[in-house]
Amino acid sequence: MQGAGVSRVCVCICVSVLLRGAISQPLTESDTYTECTDGYHWDPQTEHCKDINECETIPDACKGEMKCFNHYGGYLCLPRSASVIPASEPATAPPEAFNPCPLGYEPQRDSCVDVDECERDEHDCQPSQQCINTLGAFTCQCPDGYRKVGTECIDIDECRYRYCQHRCVNVPGSFSCQCEPGFQLAGNNRSCIDVNECDMGAPCSQRCYNTYGTFLCRCDQGYELGSDGFACNDIDECSYSSYLCQYQCVNEPGKFSCVCPDGYQLLGSRLCQDVNECETGEHQCTDSQTCVNIHGRYQCVDANQCQEPYVRMSENRCVCPVNKPACRDLPFSIVHRYMSITSERSVPSDIFQIQATSVSPGAYNTFRIRSGDDNGDFYIRQINNISAMLVLARAVSGPREYTLDLEMVSINPLLSYQGSSALRLSIYVGPYAF
């Protein structure tokens, strides 16, 4: 179009107006709802919120060369050459119902109530996150042990903060505390306390002592700790020394004991003492016999030891009468005595003293071994005129028996007398050195 040299430009502005309920469906119980959002007013006839034409109701809504164009919920001031062509709504998108409430709320009766986006699944939280509803909105919360970085949940390494006394093991979303051997977690699951292994079945075979973080095994007397530190092995005390017992050592679990041979009894815990069967009555001698106690046993001898030509004068004493021709070269009297000595006795050793019972004035006496010492194991050492000592010259081992006739020869020049008497000594050598 031409005219007076003025060129006019027609400006077409396409305005797409989102019709958010200005002509929405009636609300539930709308007879009581009379409030509308800005740009609308309540139409009691239609019982709907109706758009206000600000271009008509507001004087001089647009100034200058601007033209007022009304649209739903407001108006536009555009150049007079502009045209408003409302855009058609998408055929596939039905108009949303008008919501007069703020975002995150919905009308209910005569008020607005919060929308629980979490319950309606109208949120964008990650599957690993928890949706927490808030007033008018929602938040995405990470599980315990995670922290939110952007939209993702990242595991928190709690072990970096030294929560544990001993060792910390981080696991996804959490952590666990572990203790060194000999300790266990306290009630707070972080501190470590000592374990009393002795009360928890420690493998000590005898005694257990708890220590901080561990335990010790100890053994009773007579045992020693094995190489594994748990078992207690018996100590064979008998193998350490041959002098523990006088006769024989017997090892027992945790100890040892000494035993004595037959005929002996234990004196204390280690020594052996001969049992005097003649005193205890543990013999089998008859009434016509005399019980003689010797080392380790006893001997029954006839009560009458006198043999022809000797006759019995008293207990253990025999006399050879001078009127018998057979007595001429024999000792006038024989006294019977018995003794016992131990084996391996140190030599020389005095073992028996001979003593004259009577001495004539002016007489002198000599002593000798008349018989029984074929190997020279003994000798006589005269002490004085009336006594002498029988000496063991060589060490002898038993059991063995000697019968020695020890003779005392008396000479009296004043009376022109020479005679003798004998002591028949039976010596029993015991089988042991005790």
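Mentor: Cys 245 and Cys 258 are both buried; buried means under 20% relative accessible area, exposed over 50%, and partly exposed in between, with a 1.4 Å probe and protein chains only. Before we go on, note that this is a predicted model: local features need pLDDT of at least 70, side-chain atom pairs count only at pLDDT 80 or more, and totals for chains, interfaces and linings use all residues. Residues are numbered from 1 along each chain as its sequence is written, and side-chain values use heavy atoms, with hydrogens and water left out.

Trainee: What do Cys 245 and Cys 258 form?

Mentor: A disulfide is a pair of cysteine sulfur atoms within 2.5 Å. Here the sulfur atoms of Cys 245 and Cys 258 are 1.8 Å apart, and the two form a disulfide. The torsion about their S-S bond is about -75°, so this disulfide is left-handed. The pair links distant parts of the chain, 13 residues apart. Cys 245 is in the loop between strand E20 (232-234) and strand E21 (248-252), and Cys 258 is in strand E22 (residues 255-259). Strands (E, at least two residues) and helices (H or I, at least four) are DSSP runs, numbered from the N terminus.

Trainee: How many disulfides does the structure hold?

Mentor: It holds 20. One of them is formed by Cys 179 and Cys 192, with sulfur atoms 2.0 Å apart. That link is left-handed, with -90° about the S-S bond. Cys 179 lies in the loop between strand E14 (174-178) and strand E15 (183-185), and Cys 192 in strand E16 (residues 192-194), so the pair ties together parts that are 13 residues apart in sequence. Cys 179 has a relative accessible area of 14%, so it is buried. Cys 192 is buried as well, at 7%.

Trainee: Which residue does a disulfide join to Cys 320?

Mentor: Cys 327, with an S to S distance of 1.7 Å. This link is left-handed, with -90° about the S-S bond. Cys 320 is buried at 2% relative accessible area, and Cys 327 counts as buried at 7%.

Trainee: Now the cores. How many residues has the largest nonpolar core?

Mentor: A nonpolar core is a set of buried Ala, Val, Leu, Ile, Met, Phe, Trp, Tyr and Cys residues joined through side-chain atoms within 4.5 Å. The largest one has 21 residues. Those with the most contacts inside it are Ile 341, Ile 351, Phe 352, Phe 378, Leu 390 and Ile 427. Strands E29 (333-341), E30 (349-355), E33 (387-392), E34 and E35 (417-429) each supply at least two residues of this core. A second, separate core of seven residues includes Cys 306, Cys 318, Cys 327 and Ala 422.

Trainee: Is Asp 405 buried or exposed?

Mentor: Asp 405 has 10% relative accessibility, so it counts as buried. It lies in strand E34 (residues 400-412).

Trainee: With which side chain does Asp 405 make a polar contact?

Mentor: A polar contact is a pair of N or O atoms within 3.5 Å; within protein, one must be able to donate a hydrogen and the other to accept it, and residues adjacent in sequence count only if both atoms are side-chain atoms. The side chain of Asp 405 makes one with the side chain of Arg 424, at 2.8 Å.
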